[in-house]
Amino acid sequence: MLRAIARAWNWRRQLESGAASTIQDIAAAEKVSDRFVSRMMRLAYLSPEVLDHLVIRRVPPSLSLNDLVAVADRPWAEQLQRAFSP
């Protein structure tokens with residue numbers, strides 16, 4: 001899960017810095033679909049509180065990676081509860 005988050009942040013930085021122009025550029029370089037890149041990049045927009053629990057405190061989430069991607073679409077105020085409640 002931490003690797004997926006790091007990868008998403010790397011892709012986000014590539015787009016923000018201009019190293020990659022589009023998600024399609026990243027997908028081609030990584031040899032994955034643009035749909036996969038787009039979906040996984042949502043992890044780069046998790047709330048700081050969720051990232052603190054995952055990266056610093058190493059608290060395992062109560063859901064799968066795919067479910068965590070869906071949580072990233074929620075408002076920050078809801079993410080922590082959804083990611084770590086049983």
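Helices here are DSSP runs of H or I with at least four residues, numbered from the N terminus, and the expected span is 1.5 Å times one less than the number of residues.

Please keep in mind that this is a predicted model, in which local features need pLDDT of at least 70 and side-chain atom pairs count only at pLDDT 80 or more, while totals for chains, interfaces and linings use all residues. Residues are numbered from 1 along each chain as its sequence is written, and side-chain values use heavy atoms, with hydrogens and water left out.

Which residues of H1 are buried? They are Ala4, Ile5, Ala8, Trp11 and Arg12, where buried means under 20% relative accessible area, exposed over 50%, and partly exposed in between, with a 1.4 Å probe and protein chains only. These residues cover an arc of only 125° around the axis, which puts them on the same side of H1; the arc is taken from the directions from the helix axis to the C-beta atoms. The cover over them includes helices H2 (23-30), H3 (34-40), H4 (48-56) and H5 (65-71), whereas the face turned away from the buried side carries the exposed residues Arg3 and Ser17. Just after H1, Gly18 takes a positive phi of about 90°.

Turning to a loop, Ser47 lies between H3 and H4 and, at 2% relative accessibility, counts as buried. Leaving aside neighbours within four places in sequence, Ser47 is in contact (heavy atoms within 4.5 Å) with Trp76 and Gln79.

Conventions. Helices (H or I, at least four residues) and strands (E, at least two) are DSSP runs, numbered from the N terminus.
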